[in-house]
Amino acid sequence: MDCLFCKIVSGEIPASLVRTGDRTIAFNDINPQAPTHVLIIPKKHCENVGELAVQDPQALQELFIAAEEIAALHSLAGYRSVFNTGAEAGQSVFHAHLHLIGGRALQWPPG
Ligand code: AMP
Ligand code: ZN
């Protein structure tokens, strides 16, 4: 399978790693939208977060635990966790990932 994030998990493609867990890895987004923009992904390939919830709920839990840890490391006063599901919602990489975004005031509603 030709999946960019699977290649980051395997080390075939380099990334700026932030955290490695049993079931997840975290790395800096290559096109950050805020001072902190980290992607947290399951090691196992799942197309989106809904699929991940069914196939590996422990990895889903670990995504949120990692987000809390990384937010604390960055001393974030708050952060946004985003999962885009489907191209219409802005998903461009079809391997589930949590966007951890923070370090600046964020607007609501999102675009
Ligand atoms: P999404 O559009 O929700 O699927 O998010 C995909 C994210 O992956 C985007 O924010 C991209 O900037 C990011 N991205 C794409 N390629 C890489 C890469 N090689 N390393 C780190 N982040 C990447
Ligand atoms: Zn993948």
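Trainee: Leaving aside its neighbours within four places in sequence, which residues is Val-38 in contact with?

Mentor: Contact means heavy atoms within 4.5 Å. Beyond those neighbours, Val-38 touches Val-18, Ala-26, Phe-27, Asn-28, Asp-29, Ile-70, Leu-98, His-99 and Leu-100. Keep in mind that this is a predicted model, where local features need pLDDT of at least 70, side-chain atom pairs count only at pLDDT 80 or more, and totals for chains, interfaces and linings use all residues. Residues are numbered from 1 along each chain as its sequence is written, chains are lettered from A and ligands numbered from 1 in the order in which they are written, and side-chain values use heavy atoms, with hydrogens and water left out.

Trainee: Which residues have the most contacts inside the largest nonpolar core?

Mentor: A nonpolar core is a set of buried (under 20% relative accessible area, 1.4 Å probe, protein chains only) Ala, Val, Leu, Ile, Met, Phe, Trp, Tyr and Cys residues joined through side-chain atoms within 4.5 Å. Here the largest one has 14 residues, and Val-38, Ile-40, Leu-52, Leu-63, Ile-70, Leu-98 and Leu-100 have the most contacts inside it. Two or more residues come from each of β3, α2 (49-55), α3 and β5. The largest share, six residues, is given by α3. Cys-3, Phe-5, Ile-8 and Ile-25 are among the eight residues of a second, separate core.

Trainee: How many helices and strands does the protein have?

Mentor: Both are DSSP runs numbered from the N terminus: helices are H or I of at least four residues, strands E of at least two. This protein has three helices and five strands, and along the sequence they follow α-β-β-β-α-α-β-β.

Trainee: What is the order of the strands in the sheet?

Mentor: Strands of a sheet pair through backbone hydrogen bonds, either parallel or antiparallel. Pairing is counted if DSSP finds at least two bridges between two strands. In this open sheet of five strands the order is β1-β2-β3-β5-β4, with antiparallel pairing. At the edges, β1 (17-20) and β4 (79-82) each pair on one side only. Between β1 and β2 (residues 24-28), there are three bridges; Arg-19, for instance, has Ala-26 in β2 as its bridge partner.

Trainee: Which helix packs on the sheet?

Mentor: Helix α3 (residues 57-73) does, touching β1, β2, β3 (36-42), β4 and β5 (98-102).

Trainee: And what percentage of the protein's residues is buried?

Mentor: Of the 111 residues, 38% are buried. The C-alpha trace spans about 40 × 30 × 25 Å along its principal axes.

Notes:
Axes are lines fitted to C-alpha atoms, for helices over the stretch in contact, and angles run from 0 to 180 degrees between N-to-C directions. Buried means under 20% relative accessible area, exposed over 50%, partly exposed in between (1.4 Å probe, protein chains only).
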